[in-house]
Structures are given as C-alpha cells and as structure tokens.
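Colleague: Can you walk me through this one? I'd like the strands to start with, then the rest.

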There are 2 protein chains.
Amino acid sequence: MALSNGLEVQKEILHAEIKSFFDSAPPLKNSDDISGKLEGFVKKNSTPSESGGARRVVCVTSGGTTVPLEQRCVRYIDNFSSGHRGAASTEYFLKAGYAVIFLYRRGTCQPYCRSLPADPLLECFEYTDDSNINVCQSHSEAVRNAITRSHAAVAGGLLLKLPFTTIFEYLQMLQMIAFSIRSLGPHAILYLAAAVSDFYVPWKSMAEHKIQSGSGPLDMRLVQVPKMLLVLRKDWAPMAFCISFKLETDSKILLEKADMALKKYKVHMIVANELSTRKEEVVVVRRNEKISVRRNQSLGVDDVEKPLIDLIVGRHSAYLENPDL
Amino acid sequence: MALSNGLEVQKEILHAEIKSFFDSAPPLKNSDDISGKLEGFVKKNSTPSESGGARRVVCVTSGGTTVPLEQRCVRYIDNFSSGHRGAASTEYFLKAGYAVIFLYRRGTCQPYCRSLPADPLLECFEYTDDSNINVCQSHSEAVRNAITRSHAAVAGGLLLKLPFTTIFEYLQMLQMIAFSIRSLGPHAILYLAAAVSDFYVPWKSMAEHKIQSGSGPLDMRLVQVPKMLLVLRKDWAPMAFCISFKLETDSKILLEKADMALKKYKVHMIVANELSTRKEEVVVVRRNEKISVRRNQSLGVDDVEKPLIDLIVGRHSAYLENPDL
C-alpha cells in the first residue's frame with residue numbers, strides 16, 4: 001500500500017513536470033499542417049489492403065535534438081547524431097512493407113541517401129560543354145537510387161517526413177504522432193533512435209538576449225528533461241510496440257543501463273549501442289533475451305540495421321499474435 | 001611606466017592562455033594536407049598577373065564553431081549560423097577579383113548555393129520515364145549557377161574551401177591561414193564572419209565519457225576562449241586588413257560593443273549586426289566613421305552583402321595606398 005502510494009506520488013510528479021514542460025515550450029509554428037499530414041497518412045495506411053491485413057506503421061525518430069541556451073537563439077547544446085541509423089532503418093522498414101513516419105533532425109541523413117558524398121550537388125554533378133547536366137560516373141547509381149526510391153516512397157504515401165530542430169519541437173511532434181497512431185493499436189511501432197537531450201533550460205528561465213562574455217567563466221545550470229518514455233508507453237500510445245535506444249561511450253555500463261531502462265520505462269525492447277562500435281554491433285535487450293546483432297560483410301550484410309530490422313519485424317509479428325507476451 | 005608594465009603583464013597572460021589553449025587542443029588530423037593546399041593557393045595567387053599587380057586574397061570565415069562537452073563527443077555547444085553571410089560575401093569578393101580562402105563550418109551554406117532548397121538532391125531533380133535525370137524547371141537556373149560557378153572558381157584556383165567543426169579546429173586553421181597570408185602583406189584581408197564560441201571546456205578538464213543523467217540538475221562551468229583577435233592582428237598577420245563581426249540580439253548595446261571591440265582588438269573594421277535585422281542592415285564601424293549599409297531591393301540590391309563588399313573593397317584599396325591610415 002505504502003509502495004503503491006509512493007509510485008502514485010512519483011507518477012503525479014512526473015505528470016506535473018511533463019505538463020510544465022509542454023506549457024512552457026514555445027508552440028509549434030506549423031502544428032495544423034503536421035496534424036493534417038499525420039491524419040491523412042494514418043488514414044491511408046490503416047485501410048486494409050487487398051490481401052486483407054492492415055498495413056503496419058512505424059515512427060522512426062532520427063538525429064539529435066537541440067537545447068537553446070537563449071530565447072533569441074545564438075547558442076544551443078546539440079547532441080551528436082548523423083541520422084545514419086534512422087535513415088538506414090527507414091529503408092529496411094519500407095522494404096519489409098511498413099509505412100514510415102520519419103521524424104528527423106533538419107539537415108541529417110535521409111533515407112536512400114547514405115552512400116552519397118557530403119555535398120551531393122557540388123560533388124556528383126557537372127555540366128557538359130553543350131550545357132547538359134551530367135552525373136559523375138562514380139556516383140551515378142547512388143544518385144539514381146537516392147532520387148527514385150525516395151520519391152517513390154513519398155509519392156506512394158508510404159513515407160512521411162517531418163523535420164525538427166529543438167527538444168521542444170521534437171517532444172511536441174512525438175506526442176502528436178503517438179496520439180495519431182493510437183488507432184492502429186499493436187500494428188504501430190515506435191522506433192526511437194533519435195539522440196534526445198537529457199538536460200535543458202526551461203524556456204521561462206532562459207536568457208532573452210545573447211549571453212555576454214565579459215570577464216570570468218560561465219556557469220550554467222541545466223535541468224533534466226522529464227522522462228516522457230514511460231508516459232508515451234503507458235498513456236500516449238499504449239498498444240504500440242515500443243523500441244528505445246541506449247547509447248553509451250563506456251561499454252562497461254551499457255548493458256546494465258539498458259536493463260534499468262527496460263524495467264523503468266516498460267518498453268518492449270531496448271537497442272543498446274556503444275559510440276565507437278555502433279556501426280558494427282548492437283545488442284537487443286528484452287525482458288527475457290539479449291541478442292547481439294552484428295554487421296557481417298562476408299555474408300553480404302553491409303550494415304547492422306538490416307539484421308536489426310529483420311529481428312524487430314519478427315518480434316513485432318509475434319507481438320501482433322499475442323500483445324500480452 | 002606603471003601603465004605600460006600593466007599592459008605588458010596583460011599581454012603575457014593572454015599569450016600564456018593562448019599557448020595553453022593550443023597545447024591542450026586535440027591536434028588537427030590533416031594539418032599537412034591543409035598546409036600544402038594553403039601554400040599552393042597563396043603561391044599561385046601571389047604571382048603578379050599580366051596586368052602587373054598581385055592578386056588580392058581574402059580569408060572568409062563562415063558558420064559557427066562547436067564546443068565539445070565530452071571527449072568522446074556526444075554533446076556539444078553550438079553557435080547558430082547558417083553560413084549565408086560568409087557564402088554571399090565569398091561570391092562578391094570573387095566577383096571583385098579576389099582569391100578566397102573559405103574557412104567554413106561543415107554542412108553550412110556554400111558559395112553560389114544560397115538560392116537552393118534545403119535538400120537540393122531530393123527537391124531539384126527527378127528521373128524521366130526513359131531514365132534520364134532532369135532538373136525541375138523552377139530550380140534549373142539555381143542549380144546551373146551553383147554547379148558551374150562553384151566548379152569554375154575552384155578549378156580556376158580562386159577558391160579554396162577548408163571545413164571545420166570544433167573551436168579547436170577553427171582556431172588552429174585560422175592561425176595556419178594567417179601565417180600563410182603574411183607574405184601577401186596588405187594585399188590580404190581577414191574577413192571574420194564565423195560565429196566563434198566565447199566559452200569552452202578545456203580538453204583536459206572535459207569528461208571522457210558521456211555525462212550521465214542521474215538525478216538532479218547538471219551544473220557546467222565553461223571558461224572563456226582566449227581572445228585571439230588582438231594576437232591575430234598584431235602577431236599572426238600584422239599587415240593584413242582585418243575585419244571582425246559583432247553580432248548582438250539587443251540593439252541597444254550593439255554599437256557600443258562594436259566600438260569597444262574596435263579599440264580593444266585594433267582591427268581595421270567591425271561589421272556590427274543585430275540578429276533579427278542582420279539580412280537587412282549592418283553598420284560598418286571604423287575609427288573615424290560609422291556607415292549604415294542596407295539591402296535595397298527597389299534599387300536591385302538583393303542582399304546586404306553586395307554593398308558591404310563594395311564598401312570593403314574601396315576601403316581596402318585606400319589601405320593599400322596607405323597602410324598607415
């Protein structure tokens with residue numbers, strides 16, 4: 001009884017923190033546009049296909065969120081993430097027949113664009129003497145794949161791209177997406193690969209103007225971003241198959257932290273990865289299993305995302321059979 | 001006497017701080033490659049042209065520097081800057097006959113690419129049914145200009161692009177550039193438009209691993225980046241025409257801060273700009289003049305950088321006539 005009361009109090013505190021975060025966040029500028037797009041996308045993809053079953057839908061989050069340090073933002077804290085994992089995963093989910101809501105940080109890697117150079121326009125193209133545009137031979141396949149596959153997925157209504165920059169935008173948009181995929185029940189996956197800030201400066205306590213560099217050091221106090229994962233899991237989209245990521249730079253604490261997160265947030269799966277080896281190996285952590293997933297070039301497996309998404313699709317199928325397992 | 005001793009002591013402290021900054025900074029990975037490129041570029045452009053005079057050379061810095069918060073970097077502080085000003089200025093300097101060393105933040109706006117959409121590859125191109133690549137009509141001129149002009153400037157040896165990310169990379173590269181353009185004397189300009197971090201975490205006091213988000217807030221202490229502008233001006237490239245930028249969000253303190261910076265760092269010109277109006281107006285602040293420079297679309301002046309570079313080229317010509325003025 002005492003324990004359950006303690007949990008209730010904790011839950012109330014968390015809900016109050018989350019409310020305060022959203023109340024104080026600068027409102028999304030284009031929330032009507034986003035709502036409309038989400039509604040259309042979910043509606044289209046929840047209509048049973050000719051083969052009978054409803055299409056599965058996954059929300060892939062990708063890239064890092066920023067934390068502004070000033071209201072008129074000159075400086076901000078950023079989280080390192082190229083968006084490579086999210087882009088690759090999106091490709092494999094699409095290939096497996098899922099419709100994908102790709103919630104990505106502006107400027108990060110896009111699906112089907114992973115093998116392009118840093119500045120495709122200036123590095124892949126040239127004009128011939130007779131003024132025709134030409135794709136350099138070495139990049140021609142990459143450019144063709146990027147453009148045709150990306151356009152086909154978007155035009156076919158299977159890929160909805162939504163960009164964010166700040167932690168405030170990200171969490172508001174994630175909440176909108178979670179609410180909109182609720183109706184899909186267990187057919188939806190939340191695949192939370194974005195690098196989300198743990199600490200932030202509440203909008204109202206933020207300096208209005210640029211912080212001055214007078215004399216002496218700068219002391220900053222950041223507060224924790226309320227942990228929304230539990231609420232996302234339990235309240236926002238309680239039937240969705242929920243996968244969260246854990247990134248550490250210290251391999252010694254990685255699996256322990258993943259286990260803790262699994263228990264604390266009640267997600268269905270944690271993908272644990274270490275910064276220096278994240279492109280080679282991840283560990284899928286579930287209640288009763290830990291599976292190492294590796295890239296294996298000798299077997300023609302070019303990236304770790306392919307076997308990872310294969311595994312997830314299998315576990316999601318099992319979950320659809322029996323969501324209580 | 002006491003005053004001059006006081007200044008000497010301050011100067012010694014600054015030199016010690018700068019030495020400590022560079023000693024503790026992670027060394028550039030490709031410094032030999034950068035040195036080689038700079039040497040070739042300066043050599044080529046310091047050979048007198050057929051018309052007699054040596055070519056003028058400008059180093060344009062562009063975009064924001066990052067400050068890593070962890071050695072194995074997951075989080076960092078960033079400075080907002082699209083790189084639009086630096087890219088536009090580079091175009092006008094090239095048009096005025098200057099050779100340009102473009103020291104830019106990876107991923108920011110490139111010269112001749114300002115009018116392109118955010119993701120040119122996916123937004124400007126399509127494949128026709130017979131598998132030929134096609135530039136969408138609405139972007140065809142922008143794409144053609146971006147590719148042909150950019151390639152021509154680089155191929156002609158008039159544009160050298162050098163990318164940076166961290167404050168450590170930026171300041172080491174800026175020093176290398178300043179040393180390499182010394183030989184050009186007053187023919188060189190330093191046009192420092194990059195948004196450079198004022199505060200940083202010294203490499204050696206930085207957390208090795210990802211900062212843990214346990215319980216409670218995160219307190220951070222950042223120390224000031226040593227003000228290298230005075231040393232750049234006086235020691236690194238003492239004859240170069242030196243232009244620094246001052247950005248504020250509060251217009252009330254902008255000109256006062258610009259005046260202070262002019263006196264403190266002994267640069268030849270400060271370009272003062274306010275965040276919200278920076279695309280419309282800047283104020284050129286010199287010892288004996290303050291000139292407001294404005295964009296004026298009705299006169300066919302599409303951006304503020306065109307009149308700004310016109311003004312600078314004129315002042316640089318006067319400086320070449322008489323560097324003591």
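Modeller: Let's begin in the sheet of chain A. Strand 11 of chain A runs parallel to strand 12 (residues 269-274) of chain A, and six bridges join them. Strands here are DSSP E runs of at least two residues, helices are H or I runs of at least four, and both are numbered from the N terminus. Two strands pair if DSSP finds at least two bridges between them.

Colleague: How does the chain get from strand 11 of chain A to strand 12 of chain A?

Modeller: Through helix 8 (residues 251-265) of chain A, in a right-handed β-α-β crossover. Right-handed says that, with the strands pointing away from the viewer, the path from the first strand over the helix to the second runs clockwise.

Colleague: And what stands opposite A:Phe245?

Modeller: A:Val271, in strand 12 of chain A.

Colleague: Before I go on, is this experimental or predicted, and how is it numbered?

Modeller: This is a predicted model: local features need pLDDT of at least 70, side-chain atom pairs count only at pLDDT 80 or more, and totals for chains, interfaces and linings use all residues. Residues are numbered from 1 along each chain as its sequence is written, while chains are lettered from A and ligands numbered from 1 in the order in which they are written.

Colleague: What is the mean pLDDT of chain A?

Modeller: It is 91, and 96% of the residues of chain A reach 70 or more. pLDDT is the predictor's confidence in each residue, from 0 to 100. For the complex, the predictor gives an ipTM of 0.88 and a pTM of 0.92.

Colleague: Back to strand 11 of chain A. Buried or exposed?

Modeller: Buried. Eight of the eight residues of strand 11 (residues 241-248) are buried, so this strand is largely enclosed by the rest of the structure. The cut-offs: buried is 20 or more other C-beta atoms within 10 Å of a residue's own, exposed is 12 or fewer, partly exposed lies in between, and C-beta atoms are placed from the backbone.

Colleague: Which residues sit on each side of strand 11 of chain A?

Modeller: A:Phe241, A:Ile243, A:Phe245 and A:Leu247 are on one side. A:Cys242, A:Ser244, A:Lys246 and A:Glu248 are on the other. In a regular strand the side chains alternate between the two faces of the sheet.

Colleague: What about strand 8 of chain A?

Modeller: Mostly covered, with five of its five residues buried. Strand 8 (residues 188-192) pairs with strand 11 of chain A in the parallel sense, over four bridges. A:Tyr191 stands opposite A:Ile243 there, and A:Leu192 opposite A:Ser244. Strand 1 (residues 57-62) of chain A also runs parallel to strand 8 of chain A, joined by five bridges. In that pair A:Thr61 faces A:Leu192 as its opposite residue.

Colleague: Now the two chains. What rotation superposes chain A on chain B?

Modeller: One of 180 degrees, with 0.0 Å of shift along its axis and an RMSD of 0.0 Å. The two copies are thus related as by a two-fold rotation axis. A:Ile77 comes closest to the axis of all residues of chain A, at 2.1 Å (C-alpha).

Colleague: How many residues does the contact take?

Modeller: 44 from chain A and 43 from chain B. Contact is defined by C-beta atoms, placed from the backbone, within 7 Å. On the side of chain A that touches chain B, strand 10 of chain A supplies the largest share, seven residues.

Methods. Copies are superposed by least squares on the C-alpha atoms of residues with pLDDT of at least 70 in both. Two residues are in contact if their C-beta atoms, placed from the backbone, lie within 7 Å.
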